[in-house]
Amino acid sequence: MAELRNCIRCGKIFAYTYSPICKKCLEEDEDEFKLVKEYLYDNPGAIIPEVSDATGVSVEKIMRFLRDERLEINSDNSNLVLECESCGRPIRSGRFCEECKNNITYQMKKEFGISQKRHDYIKTTGKEKMHVIRRREGR
């Protein structure tokens with residue numbers, strides 16, 4: 001049975017699957033994303049407040065689309081508004097610059113004991129199967 005939760009946006013109860021917002025709010029987000037995407041397609045190089053005014057989508061939501069890597073700042077636009085959350089360098093999309101992403105990945109692999117050799121093996125052979133570790137009964 002699915003877990004029931006309240007949508008963090010509208011407060012309605014819904015069957016939780018993967019998102020903290022309900023299906024209706026997800027659909028609204030997708031519709032707003034399409035509006036922004038279409039506007040940017042027709043008006044490349046537009047700045048965020050202009051896009052917000054023209055589409056009615058909040059600046060905060062447009063920033064979330066950028067942070068979620070659904071949108072990217074045009075390289076011709078000198079008004080870069082995103083900075084890497086780790087080092088502060090200007091970025092076009094997401095939360096971290098490539099160097100910091102690579103460093104985080106390296107640190108995670110090191111912390112969890114994943115060797116590069118093992119990672120390359122999985123990548124090249126396609127043997128990345130998942131399994132469930134069974135718990136001992138009586139716990």
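In the predicted model described here, Ile48, Val51 and Ser52 of helix α2 meet Val59, Ile62, Met63 and Leu66 of helix α3, where contact means heavy atoms within 4.5 Å. By class, this contact of α2 with α3 has six nonpolar, one polar and no charged residues; Ala, Val, Leu, Ile, Met, Phe, Trp, Tyr, Cys and Pro count as nonpolar, Asp, Glu, Lys and Arg as charged, and the others, Gly among them, as polar. The model is a predicted one, in which local features need pLDDT of at least 70 and side-chain atom pairs count only at pLDDT 80 or more, while totals for chains, interfaces and linings use all residues. Residues are numbered from 1 along each chain as its sequence is written, and side-chain values use heavy atoms, with hydrogens and water left out.

The protein contains five helices and four strands, and along the sequence these follow the pattern β-β-α-α-α-β-β-α-α. Helices (H or I, at least four residues) and strands (E, at least two) are DSSP runs, numbered from the N terminus. Of the 139 residues in the protein, 22% are buried, a term that means under 20% relative accessible area, with exposed meaning over 50% and partly exposed in between (1.4 Å probe, protein chains only).

The axes of α2 and α3 lie 9 Å apart, and the two helices pack at an angle of about 120°; axes are lines fitted to C-alpha atoms, for helices over the stretch in contact, and angles run from 0 to 180 degrees between N-to-C directions. The two helices are therefore oblique to each other, given that angles under 35 degrees count as roughly parallel, over 145 as roughly antiparallel, 65 to 115 as roughly perpendicular and the rest as oblique.

Helix α1 (residues 23-42) packs against helix α2 (residues 48-55) at an angle of about 120°, with their axes 10 Å apart, which makes α1 oblique to α2. This contact is made by Leu35, Val36, Tyr39 and Leu40 of α1 together with Glu50, Val51, Ala54 and Thr55 of α2, and by class the contact of α1 with α2 has six nonpolar, one polar and one charged residues.

Between α1 and α3, the axes come within 11 Å and cross at roughly 85°, which makes α1 roughly perpendicular to α3. Here Asp29, Glu32, Phe33 and Val36 in α1 meet Lys61, Ile62, Arg64 and Phe65 in α3, and the residues of this contact divide into four nonpolar, no polar and four charged.

The largest nonpolar core has 17 residues, and those with the most contacts inside it are Val36, Val51, Ile62, Phe65, Leu66 and Leu71; a nonpolar core is a set of buried Ala, Val, Leu, Ile, Met, Phe, Trp, Tyr and Cys residues joined through side-chain atoms within 4.5 Å. The elements that give two or more residues to this core are α1, α2 and α3 (59-67). Leaving aside its neighbours within four places in sequence, Val51 is in contact with Val36, Tyr39, Leu40, Ala46, Gly56 and Ile62. A second, separate core of five residues includes Cys7, Ile21, Cys22 and Cys25.

Glu69, found in the loop between α3 and β3 (82-83), has a phi near 65°, a positive value in a residue other than glycine. At 46% relative accessibility, Glu69 counts as partly exposed.
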